[in-house]
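Have the viewer open while you read.

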Amino acid sequence: MRGADVVEMALKTARLYRGVDKILYTEGGFHCKTMGVLSVTGNKKYQSGFGSLLTGCECIPLGNYPAVEKKLQNETYAAFILEPIQAEGGIRIPPQGYLKKVEELCKNKGVLLIVDEIQTGLG
Ligand SMILES: Cc1ncc(COP(=O)(O)O)c(C=O)c1O
């Protein structure tokens, strides 16, 4: 199974389980180029030219905890998807403690945290 299929399935599972559409994703994040996954791939170079992508997908900067907090306080999300270290986006590492805090916040809010380790899990 391809990484893209796995991420598609994670997005579908999150929407089905939570019963809401909204998904948060990160600027510079890469999850591949199939239509669903493209909707949460934070790079206009890949997203543009294909018409409407999935609705309800919102992009926030990687590593900015207050931005996640603000979003999750104001709206109900199915999931937050991110790479623990962005690879395609240029090896970008979020600040120390960010992932732990995001995990706790998502748990408290019942939002599924989708951690795409398709690159970082290698080796
Ligand atoms: C973080 C990440 N997620 C998903 C994918 C998609 O994986 P695949 O090419 O196996 O579909 C990639 C591919 O580079 C990736 O880097």
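## Strand β1 and its partners

Strands β1 and β3 (residues 79–82) run parallel, with two bridges joining them. Keep in mind that this is a predicted model. On the β3 side, L24 has F80 as its bridge partner. β1 is also joined to β2 (residues 57–60), again in parallel, by four bridges. There, T26 pairs up with I60 of β2.

| Strand paired with β1 | Residues | Bridges | Direction |
|---|---|---|---|
| β2 | 57–60 | four | parallel |
| β3 | 79–82 | two | parallel |

So what covers β1, and on which side? Side chains in a regular strand alternate between the two faces of the sheet. In β1 (residues 23–26), I23 and Y25 sit on one side and L24 and T26 on the other, and these residues are all buried.

Zooming out, the protein has five helices and four strands. From the N terminus on, their order is α-β-α-α-β-α-β-α-β. The radius of gyration is 13 Å, close to the 14 Å from the globule rule for 123 residues, so the protein is as compact as a globular protein of that length. Its C-alpha trace spans about 35 × 35 × 25 Å along the principal axes. Buried residues account for 28% of the 123. Of the contacts between residues at least 6 apart in sequence, 71% join residues at least 24 apart.

Methods:
Residues are numbered from 1 along each chain as its sequence is written. This is a predicted model: local features need pLDDT of at least 70, side-chain atom pairs count only at pLDDT 80 or more; totals for chains, interfaces and linings use all residues. A residue is buried if 20 or more other C-beta atoms lie within 10 Å of its own, exposed if 12 or fewer, and partly exposed in between; C-beta atoms are placed from the backbone. Two strands pair if DSSP finds at least two bridges between them. The radius of gyration is taken over C-alpha atoms; the globule rule is 2.2 Å times the number of residues to the power 0.38. Two residues are in contact if their C-beta atoms, placed from the backbone, lie within 7 Å.
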